[in-house]
Structures are given as C-alpha cells and as structure tokens.
Amino acid sequence: MQTNVKKIDADSLAEATAILRSGGVVGLPTETVYGLGGNAFDDTAVQKIFAVKGRPADNPLIAHVHVGYDLSKIIDYDTPIAQKLRKAFLPGPLTLVYPSTGKVSKFVSCGLNTLAVRVPSHEGAQALLSAVDIPIVAPSANLSKHVSPTSAKHVYDDFNGKIPLILDGGESQGGIESTVCDVTGEVPVILRPGLITKEQIAEVCGDCLSYEHKAGEQVKSPGVLYKHYSPRCETALFTSVDGAKEYLDSQPQGKRIGVLADSKKIDAFEDVIRYDLGATPEEMAARLYALLRRAEEECDLLIAVEPTEKGGVMDGVLNRLRKACTSKDILH
Ligand code: TXA
Ligand code: MG
C-alpha cells in the first residue's frame with residue numbers, strides 16, 4: 001500500500017473522510033500528538049488499528065469528536081464534574097472517561113463499561129471530525145511501545161506502507177498525550193497526567209485525585225501498566241547530574257552517547273551529543289518525543305537526567321520520560 005502524506009486542505013479532508021467512512025485508517029494531527037484514526041462504530045476499523053499498531057488487546061482507545069457532537073449518542077449519563085471540566089478546558093488536551101452507552105464498537109473500551117472521549121482543539125482535527133461527524137478512535141500514531149509522534153514524518157516513519165493517508169497539520173504544539181481523567185464519580189481521578197494539570201482540575205472541581213495501580217486490583221486504565229514511548233537505543237535515566245556523569249565516564253570508547261537534560265543541566269556535559277529539553281515544562285513537553293526519536297537515530301546510548309521541578313505540567317513530562325528510559329538510580 002502506498003502511504004500519502006498530504007497537507008490539510010479541502011481535497012485531503014474529503015479523501016480522509018471517504019477513507020474513514022469506508023472503514024479505513026488515517027494518520028491525523030492533534031494539538032498533543034498525532035493519532036491513528038478509525039470509525040469508532042466499525043468493528044473492523046477498530047480492529048485494524050490494534051493490528052497495525054501491534055497494540056495489546058486490553059488497552060482501550062479514546063473516541064475523538066468535534067465540538068458540536070451530541071455526546072448523549074455515546075455516553076450513558078453526564079456528571080456535574082464532567083460538565084465543569086468540559087466548560088473550562090474543552091476543546092483541548094483533556095480526555096474524559098464517562099459511563100458508556102456501549103454503542104461504539106465493543107473493541108474500543110476492551111470490556112470496560114466506560115468510554116474515553118476527547119475533543120481536540122487542533123483546527124485540522126476539528127475540520128476532519130466535523131466532516132465525518134462520527135466519533136473517531138485515535139490512539140497515538142506510533143507502533144506500540146515506540147515513541148509517540150509529533151509530526152507527520154514521525155507517523156510516516158512508523159506506518160509507511162501500512163496506511164493509505166497521513167494528514168499533515170504541522171508539528172504538534174503540546175507534545176505529550178492528553179490528560180486522561182475519570183469523571184464517572186464525584187471527584188475527578190487523573191489516570192494519565194498531561195498538559196491540563198491536576199492543580200487546574202482541582203481548581204475547577206474543588207478536588208482531584210491521581211490514580212495509582214495497586215497490585216492485585218483490577219486496572220482502571222490498562223495503558224498505565226505498559227512500557228511506553230521508548231526510543232530504540234539503550235537508555236539510562238538519572239535523577240542527578242553527578243550520577244549521570246559517573247555512568248558516562250564508565251562507558252567504553254567508541255560508543256555514540258547522547259545526553260538529554262533541561263537547559264540548565266545540559267551544560268554540564270561535554271563530548272556527547274547534547275539534547276536540550278528546554279527551560280520550562282511546556283517547552284520540555286513540546287520537545288521530548290522529537291528528541292527521543294532523534295536520539296534513537298544518532299546514539300547507541302541515551303543518558304537522560306530528570307529535571308528537578310515537580311508538579312503541574314512537569315508531572316506529565318516526568319511520567320513520559322520515566323516510561324521511555326530505563327531508570328538507573330530511582331525506583332518507581
Ligand atoms: O492526546 C491523546 O490522547 C492522543 C491523541 C492522538 O488524541 N491519543 C492517545 O491515545 O494518547 P492512546 O491510545 O495512545 O492512549 C489512550 C490512553 C491509554 O492510557 C488508555 O489506557 C486510556 O487512554 N483509556 C482509554 N479508554 C479508557 C477507558 N475507558 N478507561 C480508562 N482509560 C482509558
Ligand atoms: Mg499511545
């Protein structure tokens with residue numbers, strides 16, 4: 001199959017709409033990362049997404065809808081906290097987990113009685129979702145366990161020959177996946193941290209919890225358990241510059257070594273390929289995945305150093321960094 005990459009315009013939107021309506025899969029931009037989209041009502045399309053990504057069959061998908069979509073078609077009932085969060089943050093990088101009507105394909109939620117719904121703010125994504133006017137399930141458009149894509153080129157690198165069309169909507173500005181938040185109860189529970197922060201959600205709803213999986217308990221969001229976002233080179237994550245330097249000094253000659261650290265810490269490293277994550281949490285989120293993808297091309301070993309800052313958007317950045325890189329001096 002030939003994979004075409006097309007800038008978003010009336011023609012490419014019409015082509016993507018036709019592919020989605022006939023059960024096909026397309027790459028599409030969002031403000032967080034690129035997605036691999038298919039019709040949420042169509043069993044075959046949903047199964048195709050799992051197959052093409054190599055995604056574990058128990059990791060549920062997010063349904064993406066346009067701003068005006070009537071949610072009552074796919075969710076069973078609304079809750080006061082969901083209403084507040086929609087008003088405050090949508091469209092935007094926040095996915096809400098609702099009680100499901102069970103009307104979308106049974107393969108979307110993998111046996112859970114909930115449905116994750118996202119209303120992306122990206123203009124191109126909105127244009128496509130309005131044109132098709134059906135919920136489009138879209139996991140991040142990377143091969144399972146690989147680094148998420150923030151450009152059409154990243155999607156092409158993982159799926160060339162496997163999907164017919166990738167809509168190119170420029171670089172994803174957010175850079176890490178949406179915050180996933182369960183709104184089925186009275187208090188919102190964050191299942192995956194992201195650009196809409198726990199602090200922001202708590203301000204709107206009065207309170208906000210973070211989900212932590214306890215051994216033996218049924219998992220609320222299976223994606224949280226998987227190793228994720230990993231570059232294909234060897235990786236080593238440190239909390240301190242000193243720990244990273246000691247490890248660097250112990251490496252044999254001839255190895256291509258990269259160091260990934262924030263703008264303050266990166267200056268401490270010489271004679272390595274330097275990947276500057278940036279100075280603010282937002283900058284770090286926006287750059288992280290593109291740098292991990294560059295590092296896997298350029299390095300045999302990537303040594304990463306955690307930024308010191310905690311809380312807010314940094315929760316999401318640290319979550320992704322820790323899942324991408326094998327930790328050498330911290331336990332989690
Ligand atoms: O920003 C994003 O959310 C991107 C773009 C493309 O929209 N999509 C994305 O999808 O990150 P994916 O499939 O890579 O991650 C979906 C996450 C997984 O952690 C999954 O376990 C969780 O959402 N999830 C999906 N449905 C759920 C449900 N019903 N209950 C709990 N967690 C759910
Ligand atoms: Mg993903």
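Which residue in β15 is the bridge partner of Leu-260? I looked this up in what is a predicted model. The partner of Leu-260 is Ala-304.

**Entry 1: the strands around that bridge**

I went on to the two strands concerned. β13 covers residues 257-261 and β15 covers residues 301-305. They pair in the parallel sense, and I noted 4 bridges between them.

Next I looked up the sheet to which they belong. It is an open sheet of 4 strands, and I wrote down its order as β12-β15-β13-β14. The pairing in this sheet is parallel. β12 (234-238) and β14 (273-276) stand at the edges. Each of these two has a single partner strand, so one side of each is left without a neighbour in the sheet. From one strand to the next, the twist averages 20°.

**Entry 2: helices across the sheet**

I then checked which helices lie across these strands. Helix α8, residues 281-298, lies across β13, β14 and β15. Its direction is at about 170° to β14. Helix α9, residues 313-324, lies across β12, β13 and β15. I noted an angle of about 135° between α9 and β12.

**Entry 3: the second largest pocket**

α8 came up again when I turned to the second largest pocket. What is the volume of this pocket? I have it as about 170 Å³.

Which helix supplies the largest share of the lining? That share comes from α8, with 5 residues. Both α5 (152-159) and α8 supply at least two residues each. The lining residues include Lys-153, His-154, Asp-157 and Asp-158. Also among them are Ala-290, Arg-293, Arg-294, Glu-296 and Glu-297. His-146, Ser-151 and Arg-232 line the pocket as well.

I sorted the lining by class and got 8 charged residues, 3 polar and 1 nonpolar.

**Entry 4: the other sheet I looked up**

I also looked up an open sheet of 11 strands, in which the pairing is mixed. Its order is β1-β8-β2-β3-β7-β4-β6-β5-β9-β10-β11. Which strands are at the edges? They are β1 (4-7) and β11 (209-210), and each pairs on one side only.

Within this order I picked out β2 and β3. β2 covers residues 26-28 and β3 covers residues 35-39. These two strands pair in the antiparallel sense, over 3 bridges. For Gly-27, I found that the bridge partner in β3 is Leu-36.

Key
Residues numbered from 1 in each chain as written. Chains lettered and ligands numbered in written order. Predicted model: local features only at pLDDT ≥ 70, side-chain atom pairs only at ≥ 80, totals over all residues. Heavy atoms only, no water. Pairing = 2+ DSSP bridges. Axes fitted to C-alpha atoms, helices over the stretch in contact; angles between N-to-C directions. Contact = heavy atoms within 4.5 Å. 1 Å grid on protein atoms, 1.4 Å probe; cavity = no way out; pocket = protein on both sides within 12 Å on 5 of 7 lines; lining within 4 Å. Points joined across faces, edges and corners; volume = space filled by probe spheres on them. Nonpolar A, V, L, I, M, F, W, Y, C, P; charged D, E, K, R; others polar.
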